[in-house]
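The following note sets out points for a colleague who is reading the coordinates alongside the text. Each numbered paragraph takes up one part of the chain.

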Amino acid sequence: MTIKIHRGTDQIGGCVTEYEYGGWHLFLDYGEQLPGVEPSEPVEVEGLTKGDLSKSALLITHYHGDHTGYIHLIPEAVPVYMGEVALKIQKEYSKHLSGVLAKQKKNFERLQKAKTFTPGKVFKFGDFSIIPVTVDHSAFDAYAFKIVAGEMSVFHTGDFRTHGFRGGKLPKVVDKYIGKVDYVVCEGTNVSRQDTCIMTESELQQQFIKQFKQHKGNVVYVSSTNIDRLFSVYQAALRAKRPFYVDAYQKRIMDIATKDPIWGKSELYQYGEYEPVELIYKSGKFEVNEKYKDFVSSQGYVLIARANVKYSELIEQIPGDKMRYLSMWEGYVDSDNPAYNERLVNALGEDYITLHTSGHCDMESLRFLFCQLSPRGIIPIHTNDPEKFEQTFRDEWNVIRLHDGQSVNLVTES
Ligand SMILES: [Zn+2]
Ligand SMILES: [Zn+2]
């Protein structure tokens, strides 16, 4: 088997990885670079975007834009595979944005022909056998894959973490479905922030509960597709006895998780005594009547908001003090960061609280995973500091550093 990293050896967004065996090509992810990174162009890949496509497929680990953003450029001859619930969420997201972003409209159209796989079930593509396993990440229904061809097996981690509500299950999942592998292609997002202590999702939820009890008016800015965080904030609102408000689009996204016959069985994704309340949207704005004002004045509220005019008009009309929360990556509000989002900064104002934790793994958890998988080599991707990754793990493991466009031919142990 050969592994080629087309992009992602020294950057976080826009990774494209290729596995080749016996003339078959399995590609993983085809996304955009993170905002502000130059050049933010899609990468042309032989066998994926051009050339002979007859023995190629694209697997998507999860729906974040840095993994899916350019899938509309994948010719229809190439089958695209995604997790079933992830596909539903991605379609809803792309449809929602298709009026304002032409690219999302095209993505939505391309996704109509996407295929799905089942977690824990082997599926074949040409000479490849693939086992998808769910991982905990800030995108829902996210996957890592065991990819087997000939004598060789590789574990491709995708983006993942172990400090989420479901993260603790990873060792058992690896034990049951993966076992030991020859190589690991591993995400290394947090390698340059290894000294910072990562808060767990459940510790974060406790902080939300505390704040919601303390403040009547609560406005939370969070990604519309960060399902685990949304349900966590929702459960926190229930425990603090605050009504929880979302717009119709956000409710549809949450409904996808809660109505799924498998995921919906987990108490993490169930609605409690009070369901999220849909904001009334009429003639281009959210409706705020006297009854609503009286109700939120007495009961308080938790509102999931977006940084746009419609929301600022809504928030302005709600009486009383409000506490605002940033529950997203802080790069968006850092003026030195290329991802700086002025609209979000304005929506948050001067006085807000950041309540967020990373969607990516800490180094101790990576080390634990490597011990379990016991690979002969580890190839870091999805990191802006591959050198640090190498320094961190080279005493214990064979870290194979590639540059974009380079490949490594995996050979069986003699
Ligand atoms: Zn991600
Ligand atoms: Zn990513």
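**Notes on the predicted model**

1. Gly-377 counts as partly exposed because it has 16 C-beta neighbours inside 10 Å, whereas 20 or more would be needed for a buried residue and 12 or fewer for an exposed one. The model is a predicted one, and this assignment, like the others below, is computed from its atoms.

2. Gly-377 belongs to strand 20, which covers residues 377-381. Leaving aside residues up to four places away in sequence, Gly-377 touches Tyr-183, Asn-398 and Ile-400. As for Arg-401, the C-alpha to C-alpha distance from Gly-377 is 9.9 Å, and the two are 24 residues apart in sequence.

3. The chain is divided into two parts: domain 1 comprises 2-194 + 359-409, and domain 2 comprises 201-354. Taken over C-alpha atoms, the centres of domain 1 and domain 2 are separated by 30 Å. To the contact between them, domain 1 gives 17 residues and domain 2 gives 18 residues. On the side of domain 1 that touches domain 2, ten residues are nonpolar, five are polar and two are charged.

4. Strand 8 (residues 128-135) is mostly covered, with seven of its eight residues buried. Strand 8 is joined to strand 7 (residues 123-125) by three bridges in the antiparallel sense, and Phe-123 stands opposite Ile-130 in that pairing. Strand 8 is also joined to strand 9 (residues 142-149), again antiparallel, by seven bridges. There the bridge partner of Ile-130 is Ile-147 in strand 9.

5. The turns on either side of strand 8 may be inspected next. Two residues lie between strand 7 and strand 8 in their hairpin, and Gly-126 in the turn has a positive phi of about 55 degrees. The hairpin of strand 8 and strand 9 has six residues between the strands, and Asp-141 takes a positive phi near 55 degrees.

6. Which way do the residues of strand 12 point? Gly-217, Val-219 and Tyr-221 point one way, Asn-218 and Val-220 the other way, and all are buried. Strand 12 (residues 217-221) is accordingly described as mostly covered, five of its five residues being buried.

7. Strand 12 has two parallel partners to consider. With strand 17 (residues 301-305), strand 12 pairs in the parallel sense over five bridges, and Gly-217 stands opposite Tyr-301. Strand 12 and strand 18 (residues 322-326) also run parallel and are joined by five bridges. In strand 18, Met-323 is the bridge partner of Asn-218.

8. The length of helix 6 (residues 227-239) can be checked against its residue count. At 1.5 Å a residue, its 13 residues should span 18 Å, and the end C-alpha atoms are 18 Å apart, so the two values agree. Just after helix 6, Lys-241 takes a positive phi of about 60 degrees.

9. Helix 6 is mostly covered, with eleven of its 13 residues buried. Among the buried residues are Ile-227, Leu-230, Phe-231, Val-233 and Tyr-234, and also Asp-228 and Arg-229. What covers the buried residues of helix 6 includes strand 12, strand 17 and strand 13 (244-246), together with helix 5 (201-214) and helix 7 (248-259).

Notes. Residues are numbered from 1 along each chain as its sequence is written. Chains are lettered from A and ligands numbered from 1 in the order in which they are written. This is a predicted model: local features need pLDDT of at least 70, side-chain atom pairs count only at pLDDT 80 or more; totals for chains, interfaces and linings use all residues. Helices (H or I, at least four residues) and strands (E, at least two) are DSSP runs, numbered from the N terminus. Two strands pair if DSSP finds at least two bridges between them. The expected span of a helix is 1.5 Å times one less than its number of residues. Two residues are in contact if their C-beta atoms, placed from the backbone, lie within 7 Å. Domain bounds come from an automatic or database domain assignment. Ala, Val, Leu, Ile, Met, Phe, Trp, Tyr, Cys and Pro count as nonpolar, Asp, Glu, Lys and Arg as charged, and the others, Gly among them, as polar.
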